[in-house]
Amino acid sequence: MPIVHALKTGEVTNAAILNSGFHLVYGIPTFTWIIALVIAVLIYVFGGKIYKWDVNLAYSRIFRKLENMIAEMEELRNE
């Protein structure tokens, strides 16, 4: 059972990562950091558009009804 014990303690996993040949930053492969950075930049760049899409998806009917109510109130005020 020494193999099962080694797997449970994480020694084999840590040894495999450390000896994988990848350049590590804080124990995490560099390409993983790059992927995370690219995703963060994409979310930063498109965050506003994603927000507007999400709000319109959830509240478009309510906004339409609100616009109709405001238009009716304007008509009543002008009469």
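Predicted model: local features only at pLDDT ≥ 70, side-chain atom pairs only at ≥ 80, totals over all residues.
View 1. Residues are numbered from 1 along each chain as its sequence is written, and side-chain values use heavy atoms, with hydrogens and water left out. Three helices and two strands make up the secondary structure, and they run α-α-β-β-α along the sequence. Both kinds of element are DSSP runs numbered from the N terminus: helices are H or I with at least four residues, strands are E with at least two. The chain's accessible surface is about 7,600 Å², and carbon and sulfur atoms hold 69% of that; areas come from the Shrake-Rupley method with a 1.4 Å probe, and for residues only the protein chains shown count as cover.

**View 2. A nonpolar patch on the surface.** Ile34, Leu37, Val38, Val41, Leu42, Tyr44, Val45, Phe46 and Ile50 make up this patch, with about 920 Å² of accessible area together. To join a patch, residues need over 30% relative accessible area and no salt bridge; nonpolar side chains (Val, Leu, Ile, Met, Phe, Trp, Tyr) are joined within 5 Å, like charges within 9 Å. Take leucine 42, found in helix 3: its relative accessibility of 45% makes it partly exposed.

**View 3. Tyrosine 59 and phenylalanine 63, an aromatic pair.** There is one aromatic pair in the structure. Tyrosine 59 and phenylalanine 63 are tilted, at 6.3 Å centre to centre with 50° between the planes. For a pair, ring centres of Phe, Tyr and Trp (its six-membered ring) lie within 6.5 Å; planes under 30 degrees apart are stacked, over 60 edge-to-face, and the rest tilted. The two residues sit four apart in helix 3 (residues 30-78), so about one helical turn separates them. Both are partly exposed: tyrosine 59 at 44% and phenylalanine 63 at 37%.

View 4. Side chains of opposite charge can pair when their charged atoms come close. The structure holds one salt bridge, meaning a side-chain nitrogen of Lys or Arg within 4 Å of a carboxyl oxygen of Asp or Glu. Arginine 77 and glutamate 74 form it at 2.6 Å, N to O. Both lie in helix 3, three residues apart, or about one turn. Arginine 77 is exposed at 60% relative accessible area, whereas glutamate 74 is partly exposed at 34%.

Notes:
Buried < 20%, exposed > 50% of the residue type's maximum accessible area, 1.4 Å probe, protein only.
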